[in-house]
Amino acid sequence: MTGHAIEEVRLTAFKSFHGTVLPLAPLTVLIGRNSSGKSNALDGLEVLSRLARGDDISEALESRRSAAGPVRGGLSGCVPHGSDRFSLGCTVSTEEGPVGFDVTIKVEPEVQIIEERLTGPTPNGIKALLTSGEPSTQRADIDASWHNGKPGRNPRAPFRSSRLLTSQLLLRVPGDSHGENDTLWAAESLLGALTGAFHLDPVPHLMRQYVPARDTRLRRTAENLSAAVDNIQRHDPSLFAQLVDLLRGLADHDIERLAVTKSELGDVMLALDEGPLGLTPAREMSDGMLRFLAIATSLLTGDKGLDTGTSPLGALDGSLALVIEELENGLHPSQAAEVLRLVRGAAAKNATQVLITTHSPALLSALSGDDHQGVIVCSRDRTTGTSLLTRLTELDGYATAMGAGPLGDVVTHGRLMREDRGKQDYAEFDRLLGIG
């Protein structure tokens, strides 16, 4: 990966997770049984991304005014059972070295940050660049010190405890020394990478209306897909041609062209020209076709075509981390390999990380051996009930299991070479993958 990419998300104490790390590759595939915690893991990245925009914590996680709505379960749902706080962190790779971030947020009786730490590269190695102190019991403040690279104690000042301290650094630290500039650069790199996380959740029935032609940056629900595609057609004909070719590969009938119709007010709506069948407007297109178009559009355009929201003042642009749950929804199994090819191409061309969940055997079977490094198995600890994340390649029995055939077959049918297992017990491998 090039650019500033998220290497891992630390689910330190978040929802069903405790002390767990989600590693991110150019393509990360989360698999596991229902209720194992896959969505909770994605929510950890979503929460970090929202907080990185600098909004108040309650507004960021519970606002119903934004298009994304509240995070799943709201603010209180982020807290593990029996606690009054949650903790998250991440590491972002940069050309200078890793930038680390960790935060603990208390939700009762007041919502406030009680601990935050930022680390990053300096000429003298990785240093603590922002360290919080004790939150104030009298005011909505928390003291924090930041690295300035000068002899003696680092400067310290009160910060608002109702939003990320790191997002406040950009307006608080003057940058009067090399050390302060190192601190600001690390903060900007972190915030830029986190705000580049985009959760695509296409809702087909919302895509069937006329939308203003100027609304060109694809939103989370893809409700403005028609305007986004119209913009591609007008400004990037070669990219538009790729989109049409992908669409033709999906359909089981001829598609002569992808058209954009306009209302009397200048609003736009997609339509398919299907030759003898005539023009099919978006309001009559299938859910699967619309969902595929939204996914393909987001992958082909990268962050330039997506409404990733506002970033804090001064935040550096990071690479896009595109999150899609149940990628296979609405797609025929025969399209799995084509969708994966599209995902890989986007990751290589647009510096895009793609994080997906799937239950599709066809999609899992289309993964290459190299892709398996990014497959993460989510499961529940039988004793504690906490969620666990394990790399597929690190599971006992992985090598023997893969000798039985494609991953999709292994997951659905348990077609393992049992005669080659020897005395080792592979029941746990089967259980984690939902076999048998």
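In the predicted model, Trp 146 and Phe 159 are both buried. Their ring centres lie 6.1 Å apart and the ring planes meet at 80°, so the pair is classed as edge-to-face. Trp 146 belongs to strand E8 and Phe 159 to strand E9, so this pair ties together parts that are 13 residues apart in sequence.

Phe 14 is located in strand E1 (residues 5–14) and Phe 86 in strand E4 (residues 85–93), so the parts tied together by the pair are 72 residues apart in sequence. Both Phe 14 and Phe 86 are buried.

Helix H3 spans residues 165–172 and is mostly covered, with six of its eight residues buried. The buried residues are Leu 165, Thr 166, Ser 167, Gln 168, Leu 169 and Leu 170.

The loop between E5 and E6 contains Pro 109. The peptide bond that runs from Glu 108 to Pro 109 is cis, with omega near -5°.

Two residues other than glycine with positive phi were examined. For Lys 15, phi is near 50°. Lys 15 lies in the loop between E1 and strand E2 (17–23). With a relative accessible area of 13%, which is under the 20% cut-off, Lys 15 counts as buried. For Ala 222, phi is positive at about 65°, although the residue is not a glycine. Ala 222 is placed in the loop between strand E10 (197–200) and H5. Its relative accessible area is 0%, so Ala 222 is likewise buried.

The loop between E10 and H5 also holds Arg 219. With neighbours within four places in sequence left aside, Arg 219 is in contact with Phe 198, Leu 200, Asn 224 and Asp 307. The C-alpha atom of Arg 219 is separated by 7.8 Å from that of Thr 308, although the two residues are 89 residues apart along the chain.

Helix H5 comprises residues 225–235 and includes Asp 230. The relative accessible area of Asp 230 is 3%, so the residue counts as buried. When residues up to four places away in sequence are not counted, Asp 230 touches Ala 213, Val 260 and Val 268.

Two packed helices are described by the angle between their axes and the distance between the axes. For helix H6 (residues 237–250) and helix H7 (residues 287–301), the axes come within 10 Å and cross at roughly 145°. The crossing of H6 and H7 is right-handed. On the H6 side, the contact is made by Leu 239, Gln 242, Leu 243, Leu 246, Leu 247 and Leu 250. An α-helix has 3.6 residues a turn, so residues three or four places apart point the same way. The residues of H7 that meet those of H6 are Gly 288, Met 289, Phe 292, Leu 293, Ala 296, Thr 297, Leu 300 and Thr 301. By class, the residues of the contact of H6 with H7 divide into ten nonpolar, four polar and no charged.

Over the chain as a whole, there are twelve helices and 17 strands. The chain has 436 residues, of which 55% count as buried. Among contacts in the chain with a separation of 6 or more, 57% are accounted for by residues 24 or more positions apart.

How values were computed. Residues numbered from 1 in each chain as written. Predicted model: local features only at pLDDT ≥ 70, side-chain atom pairs only at ≥ 80, totals over all residues. Heavy atoms only, no water. Helix = DSSP H or I, 4+ residues; strand = E, 2+ residues; numbered from the N terminus. Buried < 20%, exposed > 50% of the residue type's maximum accessible area, 1.4 Å probe, protein only. Contact = heavy atoms within 4.5 Å. Phe/Tyr/Trp six-rings, centres within 6.5 Å; stacked < 30°, edge-to-face > 60°. Axes fitted to C-alpha atoms, helices over the stretch in contact; angles between N-to-C directions. Left-handed = near helix turned anticlockwise from the far one by under 90°. Nonpolar A, V, L, I, M, F, W, Y, C, P; charged D, E, K, R; others polar.
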